[in-house]
Amino acid sequence: MTSPTEADSLMRAACARLLEQPPALVPPDAAALAAGLARVADSGLDVVLQRLVADAPEGSATDALAALLRPPDQAWDEAQEIDWAVRHWQACRAAGLLDEDEAADFGEYWRRIEWSAIRQHLVLLGQRHADERRLLARIAKTSARYVALAFLKRAMEARYPELFDLGFSLR
């Protein structure tokens, strides 16, 4: 297991590489997202699918950072995730790499990171990834934060009430 100091050093180096060479944008795969959503509910999540695809139709500049901050097999404390994200946001702002909305408001940048992560987690869920419970917990936590994802939250509450009744840990 990586120590917090090692993790911080590795994450900072990875973020620096992202800054030097931003990856190409990849549009969301609607079919893969639909497969993940089908693991949550048999129907009724078309509006969520449309919203997730419409949020980043060409892909998002936050996709690569979301993959670093929320990999399927590792969980960081949210305060640490935000710290890394703020540092990356500041560096991207200074380099002029963000659109106007992202550059003006870290909250918008963080939302885009979370939505990038939820898209990634839904795709992995649809592929029946080994860390399904961690993915479900992350999807539940994120869907509970955003009104636009309320249909997803309600569907998850119906199928996986234990994620909401007892609380959950990502570890």
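Mentor: Arg51, Leu52 and Asp55 in H3 meet Arg111, Trp115, Ile118, Arg119 and Leu122 in H7. By class, this contact of H3 with H7 has four nonpolar, no polar and four charged residues. Here Ala, Val, Leu, Ile, Met, Phe, Trp, Tyr, Cys and Pro count as nonpolar, Asp, Glu, Lys and Arg as charged, and the others, Gly among them, as polar. The model is predicted: local features need pLDDT of at least 70, side-chain atom pairs count only at pLDDT 80 or more, and totals for chains, interfaces and linings use all residues. Residues are numbered from 1 along each chain as its sequence is written, and side-chain values use heavy atoms, with hydrogens and water left out.

Trainee: What is the angle at which helix H3 and helix H7 pack, and how far apart are their axes?

Mentor: Two packed helices are described by the angle between their axes and the distance between the axes. Helix H3 (residues 46-55) and helix H7 (residues 106-126) pack at about 125 degrees, with axes 11 Å apart. That makes H3 oblique to H7; angles under 35 degrees count as roughly parallel, over 145 as roughly antiparallel, 65 to 115 as roughly perpendicular and the rest as oblique. The axes are lines fitted to C-alpha atoms, for helices over the stretch in contact, and angles run from 0 to 180 degrees between N-to-C directions. Helices (H or I, at least four residues) are DSSP runs, numbered from the N terminus.

Trainee: Which residues of H2 meet H3?

Mentor: Ala30, Leu33, Ala34 and Leu37 in H2 meet Val48, Leu49, Leu52 and Val53 in H3. By class, that contact has eight nonpolar, no polar and no charged residues. Helix H2 (residues 30-38) packs with H3 at about 140 degrees, the axes being 10 Å apart, and the two are therefore oblique to each other.

Trainee: How many disulfides does a search of the whole structure find?

Mentor: A disulfide is a pair of cysteine sulfur atoms within 2.5 Å. The search finds zero. For cysteine 15, the nearest cysteine sulfur, that of cysteine 92, is 8.4 Å away, too far for a bond.

Trainee: Is cysteine 15 buried or exposed?

Mentor: Buried means under 20% relative accessible area, exposed over 50%, and partly exposed in between (1.4 Å probe, protein chains only). Cysteine 15 counts as buried at 10% relative accessibility, and cysteine 92 is buried at 6%. Leucine 19, in helix H1 (residues 4-20), counts as partly exposed at 27%.

How values were computed:
Contact = heavy atoms within 4.5 Å.
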